Every structure is written in C-alpha cells, then in structure tokens.
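Work through the exercises below with the model open. Try each task before reading its solution.

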Amino acid sequence: MSTIMVVCPACGAVNRLPAARLSENPKCGKCHAPLLPDHPVNLSSDRFASYIARNDLPVVVDFWAPWCGPCRMMAPQFEQVAREMNGTLLFAKLNTEAEPDIGARYQIRSIPTLVLFRGGKEAARVSGALGAAELQRWLTAQR
C-alpha cells in the first residue's frame, strides 16, 4: 500500500497516510484537525515553505490581496473548486500584501495569480481571475 505525506494546515505537522484513505477525511495525528479541508488554507511566511514542499499532493496557491477587486470576485469560485476537488489537490491562499517577500520570490507581477506546486516546485501558473469551470479545466489540464 502506498503512502503519502500531508502537512497539517493547522499545526504544520507532517502526517504519513495510506493513499487509499484520502477519501476518509483523515485527521492530523498531532492536533486532530482535518488534513484535507474543503476550503483554501491561508498561508503565511512561517508555514508557506513547508506546506508547499512537504505535501505529496499538489498544492494550488492563490496569490491575492484584499484591495484587489478581481481577487475578491474569484474567491468564491476558488472555494467552490476546493470543495469539488477535495482530496486530489490542496488549495491555499497567500495574501501578497501581508507577505510581500514570498510574492517577490515567486515573481508575482499581477494578482490574482494561481500557481500549482508539485514537490515544492512550480509546475504551472496562470494570472487573472478565473471562473470555477475555467479553473477546473486549467487544473485538469495540468495533471
């Protein structure tokens, strides 16, 4: 049976799970929080690197800012896709206003920008607000 590593979005602990149990709403062995929440996780500089690098599931990060109108318009669509694709991808948001160093490191020039990470490395990127159907098509094409 294959296992995967999943970082707890609440405490940051790395959990080893049998891949076959992903659909069973697994909980963190340390803090008992859900490992695969059905909503995007808010990341900050202290958790960003480990969440991106240590998760075996791909992570989609929405780089956004609170003053950005298109970011606010896309947020419900992003949350909808997070619910629909729960267990196959992890969804996270990073406020570039609060974390400008991370935005600069990944050369985020416009927001919203979505970046798909696999094994800690950028695998794909798209800029601009997307509807739920467009976002699902983009993510499906990246598999």
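This is a predicted model: local features need pLDDT of at least 70, side-chain atom pairs count only at pLDDT 80 or more; totals for chains, interfaces and linings use all residues.

**Exercise 1. A charged residue in a strand**

Is Asp62 buried or exposed, judged by relative accessibility?

Step 1: locate the residue. Asp62 lies in strand S4.

Step 2: apply the cut-off. Buried means under 20% relative accessible area. Asp62 has 0% relative accessibility, so Asp62 counts as buried.

Step 3: list the neighbours. Leaving aside residues within four places in sequence, Asp62 is in contact with Met74, Phe78, Ala92, Lys93, Leu94, Pro112, Thr113 and Leu114.

Step 4: look for a charged partner. Side chains of opposite charge can pair when their charged atoms come close. Lys93 lies in strand S5 and Asp62 in strand S4, so the pair ties together parts that are 31 residues apart in sequence.

Step 5: check the partner. Lys93 has a relative accessible area of 9%, so Lys93 is buried as well.

**Exercise 2. The other salt bridges**

How many salt bridges does a search of the whole structure find?

Solution. 

Step 1: take the count. The search finds 3 salt bridges.

Step 2: take Arg21 and Glu24. Their side chains meet in a salt bridge at 2.8 Å, N to O. Arg21 has 45% relative accessibility and counts as partly exposed. Glu24, at 45%, counts as partly exposed too.

Step 3: take Arg125 and Glu122. Their closest N and O atoms are 2.9 Å apart. Arg125 is partly exposed at 31% relative accessibility. Glu122 is partly exposed at 37%.

**Exercise 3. Strand S5 and its partners**

Which residues of S5 are buried on each side of the strand? Then identify strands that pair with S5.

Solution. 

Step 1: count. In S5, 6 of 6 residues are buried.

Step 2: Leu90, Ala92 and Leu94 are buried on one side. Phe91, Lys93 and Asn95 are buried on the other.

Step 3: pair S5 with S3. The two strands run parallel and are joined by 3 bridges. Val41 stands opposite Ala92.

Step 4: pair S5 with S4. These strands also run parallel, with 6 bridges between them. Val60 stands opposite Phe91.

**Exercise 4. An antiparallel hairpin**

In which sense do S1 and S2 pair, parallel or antiparallel? Find a bridge partner and inspect the turn.

Solution. 

Step 1: read the direction. S1 and strand S2 (residues 14–18) pair in the antiparallel sense over 5 bridges.

Step 2: pick a bridge. Thr3 has Pro18 in S2 as its bridge partner.

Step 3: inspect the turn. The two strands form a hairpin with 6 residues between them. Gly12 in this turn has a positive phi of about 85 degrees.

**Exercise 5. The buried side of a helix**

Which residues of helix H1 are buried?

Solution. 

Step 1: name them. The buried residues of H1 (residues 45–54) are Phe48, Tyr51 and Ile52.

Step 2: trace the packing. These buried residues pack against strands S1, S3, S4, S5 and S6, and against helix H3.

**Exercise 6. Cores and rings**

How many residues does the largest nonpolar core have?

Solution. 

Step 1: size the core. It has 33 residues. Those with the most contacts inside it are Leu43, Phe48, Tyr51, Val61, Phe63 and Phe117.

Step 2: assign elements. S1, S3, H1, S4, S5 and S6 each give two or more residues. S4 gives the most, with 4 residues.

Step 3: find the second core. This separate core of 17 residues includes Phe91, Leu114, Leu116 and Val126.

Step 4: examine the rings. The structure holds 6 aromatic pairs. In one of them, the ring centres of Phe78 and Phe91 are 5.4 Å apart and the planes are at 75 degrees, so the pair is edge-to-face. Phe78 lies in helix H2 and Phe91 in strand S5, so the pair ties together parts that are 13 residues apart in sequence. Both Phe78 and Phe91 are buried.

Step 5: find the cluster. Phe48, Phe63, Tyr106 and Phe117 form one aromatic cluster.

Terms used. Residues are numbered from 1 along each chain as its sequence is written. Side-chain values use heavy atoms; hydrogens and water are left out. Buried means under 20% relative accessible area, exposed over 50%, partly exposed in between (1.4 Å probe, protein chains only). Contact means heavy atoms within 4.5 Å. Rings of Phe, Tyr and Trp (its six-membered ring) pair if their centres lie within 6.5 Å; planes under 30 degrees apart count as stacked, over 60 as edge-to-face and the rest as tilted. A salt bridge is a side-chain nitrogen of Lys or Arg within 4 Å of a carboxyl oxygen of Asp or Glu. A nonpolar core is a set of buried Ala, Val, Leu, Ile, Met, Phe, Trp, Tyr and Cys residues joined through side-chain atoms within 4.5 Å. Two strands pair if DSSP finds at least two bridges between them.
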